[in-house]
Amino acid sequence: MEFFKAEKVTDRIYRISGIITEYMYLVVGTDQALLIDTGCGAGDIHAFVRTLTDLPLTVVLTHGHYDHAGGAGRFPEVWLDSRELEPTPIHYLKNATYEKLKSGHPTLRLEDMTPDAGETATKDPSGAAICTTSVPVTFRPLTPGKLFALGGITAEAIPCPGHTPGTYCILLVEERLLLTGDACHSISYLFFDNALTIEEYRQNLIALNRQKDRWDSLLLSHPIATAPKTMIDEVIHLCDQILAGTTDEIPWPWQDKPVYIAKAIDDRMLRQDGVYGNIIFRKDKLRKHM
Ligand SMILES: [Zn+2]
């Protein structure tokens with residue numbers, strides 16, 4: 001089966017799509033290349049990237065969820081906020097991810113999946129022998145302001161915790177594009193157990209937006225590929241509305257927890273009122289001191 005597709009965003013940036021339409025970005029400078037996120041782990045993302053560039057390659061993960069970190073086991077070293085090494089139910093574990101994906105992709109085989117990255121696998125708190133193979137991957141600690149100078153183009157790591165404690169955006173400085181990843185997008189998930197409260201998330205978005213003169217538009221990881229920079233303002237405004245209790249609060253199916261989507265969506269997962277920003281949230285994660 002075909003695992004990846006690539007399209008050019010600009011001369012120096014590729015958008016790579018995996019089998020669950022999760023977007024990774026490959027930035028190619030004159031000296032080095034940077035892969036931002038590694039997809040859900042189906043297929044060999046490292047081999048695919050090598051069809052696009054043969055420059056020395058660095059890999060950075062915006063956060064630790066399976067659909068971003070799943071391919072990390074194909075690389076010797078990746079950059080990631082160290083808080084993202086704490087296991088969560090949606091961390092990448094090869095067998096668990098395969099179980100999630102196989103009904104939608106009947107030709108997918110377990111051997112197509114990326115081996116578990118050793119450090120994440122050994123930290124699995126359940127103690128279950130989930131991993132059949134694991135490979136050593138060095139996780140290098142991503143920190144605020146970390147620069148990746150690629151030759152003619154620079155990527156800068158800007159933290160925006162909320163979706164998870166160690167979620168980062170990546171600014172492609174010379175291209176004036178901000179990859180917000182899962183930090184802020186058209187359907188921001190703020191309901192996982194390790195998500196921050198809406199109040200804290202709002203503060204972090206406001207801090208991010210203080211730099212908004214540095215970018216012209218946004219790149220996203222899913223379900224749509226791009227958004228205008230005003231989406232961050234929309235999501236800040238939506239946080240205010242959630243805290244005031246004035247959103248649509250439509251129940252959203254998620255395990256046994258009461259979870260709500262703030263604004264009604266259409267079948268493309270976009271807001272019916274045409275505004276980009278949306279949030280799925282829990283009422284026990286509104287304010288830090290409740
Ligand atoms: Zn995520």
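Guide: Let us begin with burial: a residue is buried if 20 or more other C-beta atoms lie within 10 Å of its own, exposed if 12 or fewer, and partly exposed in between. Please note that the model before us is predicted.

Visitor: Is Thr 197 buried or exposed?

Guide: Thr 197 has 21 other C-beta atoms within 10 Å and is therefore buried. Its place is the loop between strand 14 (188-190) and helix 5.

Visitor: Which residues does Thr 197 touch, not counting residues up to four places away in sequence?

Guide: With that exclusion, Thr 197 touches Lys 285, Leu 286, Arg 287 and Lys 288. The C-alpha atoms of Thr 197 and Lys 285 are 4.6 Å apart in space, while the two residues are 88 residues apart in sequence.

Visitor: How is a pair of packed helices to be described?

Guide: The description of two packed helices rests on the angle between their axes and the distance between the axes. Here, the axes of helix 5 (residues 198-209) and helix 6 (residues 231-244) come within 10 Å and cross at roughly 155°. Since angles over 145 degrees count as roughly antiparallel, helix 5 and helix 6 are therefore roughly antiparallel to each other. Their crossing is left-handed.

Visitor: Which residues make the contact of helix 5 with helix 6?

Guide: Helix 5 contributes Ile 198, Glu 199, Tyr 201, Arg 202, Leu 205, Ile 206, Leu 208 and Asn 209, and helix 6 contributes Ile 232, Asp 233, Val 235, Ile 236, Cys 239, Ile 242 and Leu 243. Sorted by class, this contact has 11 nonpolar, 1 polar and 3 charged residues.

Visitor: What does the domain assignment of the chain give?

Guide: The assignment gives domain 1 (5-173) and domain 2 (184-290). Their C-alpha centres lie 23 Å apart, and 18 residues of domain 1 are in contact with 22 residues of domain 2. On the side of domain 1 that touches domain 2, strand 3 (23-28) and strand 12 (168-172) each supply at least two residues. By class, that side has 9 nonpolar, 6 polar and 3 charged residues.

Visitor: Which residues does a cis peptide bond join?

Guide: The cis peptide bond joins His 222 and Pro 223, with omega about -10°. Pro 223 is in the loop between strand 15 (217-220) and strand 16 (226-228).

Visitor: What is the phi of Thr 21?

Guide: Thr 21 is not a glycine, yet its phi is positive, about 55°. Thr 21 belongs to the loop between strand 2 (13-17) and strand 3, and counts as partly exposed because it has 14 C-beta neighbours inside 10 Å.

Key: Residues numbered from 1 in each chain as written. Predicted model: local features only at pLDDT ≥ 70, side-chain atom pairs only at ≥ 80, totals over all residues. Axes fitted to C-alpha atoms, helices over the stretch in contact; angles between N-to-C directions. Helix = DSSP H or I, 4+ residues; strand = E, 2+ residues; numbered from the N terminus. Parallel < 35°, antiparallel > 145°, perpendicular 65-115°, else oblique. Left-handed = near helix turned anticlockwise from the far one by under 90°. Contact = placed C-beta atoms within 7 Å. Nonpolar A, V, L, I, M, F, W, Y, C, P; charged D, E, K, R; others polar. Domains from an automatic or database assignment.
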